[in-house]
Structure formats: C-alpha cells, structure tokens
Amino acid sequence: MLVPVQGGVENLQKRNRQIQMQEAGLRTVKLPSIYIFNVSRREFRNRIGAGKNYTIPACQPGEEYSEALEIPNLVLSEIDLADGGNNMGVIMNPGLNGVVEIGGEERMVIGIANDIIGTNSTSPALGLYTTSLEWWGVFATLNKTPTKAELDQARSKLQQRMELVYATGAELVQAGKNVPMIDRPLYNEAAEILGRKPFWGTLEHTRAQCPECHEDIIGGATFCKHCQQAIDPASVAARAKKRAKEAEKLLKEEEAAG
Ligand SMILES: [Zn+2]
C-alpha cells in the first residue's frame, strides 16, 4: 500500500540550505582577493577548486600576462550533511595554502588557488605530463598587478618546461622514432614558444593547382607528383621563357617559309 508523503515530493526534495546566510555574513568582512595570472598563450578551462569550475584566461599577444582570474580569499561550498533531514551544510575553503590549527593539531590546508593551478595535484613536478599549471606559467598572488619577480619566475618555469618538451621531441626525431600525430602539436608548440623551427609541418595544407599540368597539389609544393616536374617559381619561369622562345622561333620559321 502506498503511503502518501506529507507535503508531497516537492517538500521532500526541498533542501535546507544555509549558504545564503553565510555568504551574506562573509560579504560584510573585508578580505583581500587572490589573483591567478597566466603568461602562456593557452587558456585553461574547467580547473576545479573547492568543487567549482574556473577558467584561467590566456595571455594575449603583445601582453605580458593574462587578465586575472580573481577568487575570494574564502570560498563557501555546500556539502550534503546526509542527516536524513535534507540539510545542506557549508564548509569554508581558504584561497591559498596555509597551516591552520584544527582540533589542537597543526594541519596544512590546500587552498583553492593551488587546487585550480594543480600545485598539489597527482604529478605536480616538472615533467612532460605534469598536472601543475605552474609549468605553464600560471601563478597565484595577492597582488592585483603582478610584480616583475613573479612574472620572471612564471616565465622561467614555462621556459624550463618548454625546453624539456623540446629536448624530448628533438631526441625522438633524431632517433628516427615515429612520433604519433596526437603528440606532435605539443612538441611543435614548445618549438614555437621557444622561437625555434617546428618539428613537423602543419597538418592542414592548402590545396593548389600545378602550374604545368593543372592537377591538384599541396600549396607551396616545389615538385609535382603528377607531371614529375620541378614547380618552384624559378623553374616555372625558366620553362615559360623557354616556351616563349620556341614559339618565337617557330613563328620566324613559318614567316621565312611563307
Ligand atoms: Zn604537374
């Protein structure tokens, strides 16, 4: 037998939330913000901190650093108390790492900024597949405008990582290893950031027509696979000149014969 739920399902689904009150309380306290900056050309999306998603903007061409991702010094997050009463609790997450006393014990807490950057992620050390964005030139600071020292350090870290990626790519190429297509952009990106020649050509070629046989070829090609001729501008020009001369000669012969 079905027992009717008093107040209906709607009532059951209603959560008792206290976050609004806490947020309102927090707004009355003046706390500094934390700013996350990025010196690389990459945008980093869906970085998680305290259960929330964040996007770190890319550094735009000609700029020294990205727009700031501003996060509060204290971030409130909801948790399900699972007490049977549909009550949602609130926990407070610090913006930056720090040592706090919890229950008489000194404990290290991981701040949201460090969570977003990945300073404490599974493989935060310098490496090909590091999960810390510090190696991509991302950093957190209390400064609204980053200092020269902070920017220098971020750039130095990005440079170190790019050198590592580049060296790995160069080694693979020199050893004649077949580097999978999916890995190539990473090595090429490192080369680009370091101002060096890319390891592989870009995969998207523009189509063009052979100036000699008019077959489909790859834009910028200097040899036609259809007519087997050199089609660099100098060769094409030389051939055109030769043809013009031959035509002139034929015309003169015809005139002489006529
Ligand atoms: Zn051709």
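Student: Into which domains is the protein divided?

Tutor: The protein is divided into domain 1 (13–146), domain 2 (159–204) and domain 3 (207–257); such bounds come from an automatic or database domain assignment. Please note that this is a predicted model, in which local features need pLDDT of at least 70, side-chain atom pairs count only at pLDDT 80 or more, and totals for chains, interfaces and linings use all residues. Residues are numbered from 1 along each chain as its sequence is written.

Student: How far apart do domain 1 and domain 2 lie, and how many residues does their contact take?

Tutor: Their C-alpha centres lie 32 Å apart. The contact takes 4 residues from domain 1 and 5 residues from domain 2, where two residues are in contact if their C-beta atoms, placed from the backbone, lie within 7 Å.

Student: What kinds of residue make up the side of domain 1 that touches domain 2?

Tutor: That side has 4 nonpolar residues, no polar and no charged ones. Ala, Val, Leu, Ile, Met, Phe, Trp, Tyr, Cys and Pro count as nonpolar, Asp, Glu, Lys and Arg as charged, and the others, Gly among them, as polar.

Student: How does the radius of gyration of the protein stand against that of a compact globule?

Tutor: A compact globule of 258 residues would have a value near 18 Å, but the protein has 32 Å. The radius is taken over C-alpha atoms, and the globule rule is 2.2 Å times the number of residues to the power 0.38. Along the principal axes, the C-alpha atoms fill a box of roughly 115 × 60 × 40 Å.

Student: How many helices and strands are there?

Tutor: There are 6 helices and 11 strands. Both are DSSP runs numbered from the N terminus, with at least four residues (H or I) for helices and at least two (E) for strands.

Student: Why is Asn86 called partly exposed?

Tutor: A residue is buried if 20 or more other C-beta atoms lie within 10 Å of its own, exposed if 12 or fewer, and partly exposed in between, with C-beta atoms placed from the backbone. Asn86 has 15 such neighbours, and therefore counts as partly exposed. Asn86 is found in the loop between strand E5 (74–80) and strand E6 (88–94), and has a positive phi of about 60° although it is not a glycine.

Student: What makes His214 exposed?

Tutor: His214 has 11 C-beta neighbours inside 10 Å, so it counts as exposed. Its place is in the loop between strand E10 (207–209) and strand E11 (216–218), and its phi is also positive, near 65°.

Student: Which residues have the most contacts inside the largest nonpolar core?

Tutor: They are Ile36, Ile71, Ala113, Ile117 and Val138, in a core of 31 residues. A nonpolar core is a set of buried Ala, Val, Leu, Ile, Met, Phe, Trp, Tyr and Cys residues joined through C-beta atoms within 7 Å. Helix H4 gives the most to this core, with 5 residues, and the core draws at least three residues from each of domain 1 and domain 2.

Student: How do you know that the buried residues of H5 lie on the same side?

Tutor: Tyr187, Asn188 and Ala190 are buried in H5. They cover an arc of only 155° around the axis, which puts them on the same side of H5; the arc is that of the directions from the helix axis to the C-beta atoms. The buried residues of H5 pack against H4.
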